[in-house]
Amino acid sequence: MRELRDRIAREVAKATVGHEEPLELLLAAAAVGGHVLLEGVPGVAKTLLANAFARTLALDFRRVQFTPDMLPSDLTGTMTLQAGELAFRPGPVFTNVLLADEINRTPPKTQAALLEAMQERQVTIEGAPRPLQAPFLVVATQNPIEYEGTYPLPEAQLDRFTMRLSLGYPPLADEAKMLTEQTSDPPLDALEPVTTAEEAVALADEAKAIYVEESVNRYVVALLRQTRSDARLYLGASPRSGIALLRVAKALALADRREFLVPDDVKAVAPAVLSHRLILAPEARSAGLSGVDIVRESLERTPVPV
């Protein structure tokens, strides 16, 4: 996986710079069949990063711009009359990589159309379940500081995302390099696929085979319970978040060429996997705390197995 990560990083660097860590976590999510929510202020290349990452994978890719007037059938597809008979016309969700751009700009009814697809890898049309292609990965973007004309994602939808990644401003040197490179030719035009669908599926099988000692399992459970006992939270991390945490940590171990999991793998991905699943109490929000802050404090308070 390390070789694949390096190939993808070199290719994506042709389009965007300064996002090495989010890119590595994107690859980890793809390796475990997860979904990723990208957040950041306007202009930090959320859509560009997602688009560039998808283009480096030799997978079917579709981008959907979410709008207030979008209907669920615009995503999942609909039954149409063709030659006098009803036939199913698939929507853009029938792909390998779906870029859901500005997902919080569409109403909850349309947002909910992705719930079954993200969890069950299928959509139900006219009572008939229709399986999605494998692998299936949703990369969604949203602007966390713009609230006018937006519909915040409900907790059930946030819980379907394996990770939430926040993109900040790039370092000075990277931003200067970006200004030089991206004011001539369109950056995405130079990208080429560097892997195959078979290789992506094989990564998922390799990640599942990573060994997890019972003490590390107990460490994850202790971390989850630490968040549940925190008085600053209305809702702590769920058992499903623990499953997602272990899966992503396994992908990190695979990238490090190890056949076993260590607590440091869990620590490295815990903020991205757990923070968006926590519901903060008003006192915590008024104190300026975030889910990431509480996850990091929980990591400090949870004893690490030796």
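Buried denotes a relative accessible area under 20%, exposed one over 50%, and partly exposed a value in between (1.4 Å probe, protein chains only). The legends below describe a predicted model, in which local features need pLDDT of at least 70, side-chain atom pairs count only at pLDDT 80 or more, and totals for chains, interfaces and linings use all residues. Residues are numbered from 1 along each chain as its sequence is written, and side-chain values use heavy atoms, with hydrogens and water left out.

**View A. The open sheet of 5 strands, in the order β3-β6-β9-β1-β10, with parallel pairing.** Strands (E, at least two residues) and helices (H or I, at least four) are DSSP runs, numbered from the N terminus. Two strands pair if DSSP finds at least two bridges between them. The edges are formed by β3 (61-65) and β10 (163-166), each of which pairs on one side only. On average, neighbouring strands of this sheet are turned by 20° against each other, direction ignored. Angles run from 0 to 180 degrees between N-to-C directions, and axes are lines fitted to C-alpha atoms, for helices over the stretch in contact. Helix α2 (residues 20-31) lies across β1, β9 (137-142) and β10, and runs at about 165° to β10.

View B. Strand β1 (residues 36-39) pairs with β10 in the parallel sense over 4 bridges, and Leu 38 stands opposite Leu 165 in β10. A salt bridge is a side-chain nitrogen of Lys or Arg within 4 Å of a carboxyl oxygen of Asp or Glu. Arg 164 counts as partly exposed at 22% relative accessibility, whereas Glu 39, at 9%, counts as buried.

**View C. The salt bridge between Arg 232 and Glu 297.** A search of the whole structure finds 11 salt bridges. In this one, the side chains of Arg 232 and Glu 297 meet at 2.8 Å, N to O. The pair links distant parts of the chain, with Arg 232 in the loop between α10 and β12 (233-235) and Glu 297 in helix α14, 65 residues apart. Arg 232 is partly exposed, with a relative accessible area of 22%; Glu 297 is also partly exposed, with a relative accessible area of 22%. Salt bridges that share partners join Asp 230, Arg 232, Glu 297 and Arg 301 into one network.

**View D. The packing of helix α12 (residues 263-274) against helix α14 (residues 291-301).** The two helices pack at an angle of about 145°, with their axes 9 Å apart. Helix α12 passes α14 in a right-handed crossing; a crossing is right-handed if the near helix is turned clockwise from the far one by less than a right angle, and left-handed if anticlockwise. Lys 267, Ala 270, Pro 271 and Leu 274 in α12 meet Val 292, Val 295, Arg 296 and Leu 299 in α14, where contact means heavy atoms within 4.5 Å. By class, this contact has 6 nonpolar, no polar and 2 charged residues. Ala, Val, Leu, Ile, Met, Phe, Trp, Tyr, Cys and Pro count as nonpolar, Asp, Glu, Lys and Arg as charged, and the others, Gly among them, as polar.

**View E. Helix α3 (residues 46-56), largely enclosed by the rest of the structure.** Of its 11 residues, 9 are buried, and the helix is therefore largely enclosed. The buried residues of α3 include Leu 48, Leu 49, Phe 53 and Thr 56.

**View F. Tyr 211 in the loop between α9 (197-208) and α10 (214-228).** Tyr 211 counts as exposed at 52% relative accessibility. Residues up to four places away in sequence not counted, Tyr 211 touches Glu 259, Phe 260 and Leu 261. Tyr 211 and Arg 258 are 47 residues apart in sequence and 9.3 Å apart in space, C-alpha to C-alpha.

**View G. Backbone features at Arg 121, Glu 126 and Pro 135.** Arg 121, in the loop between α6 (113-120) and β7 (122-125), has a positive phi of about 60° although it is not a glycine. Glu 126, in the loop between β7 and β8, likewise has a positive phi, of about 55°. Arg 121 counts as partly exposed at 26% relative accessibility, and Glu 126 as exposed at 69%. A cis peptide bond joins Ala 134 and Pro 135, with omega about -5°; Pro 135 is found in the loop between β8 (128-131) and β9.
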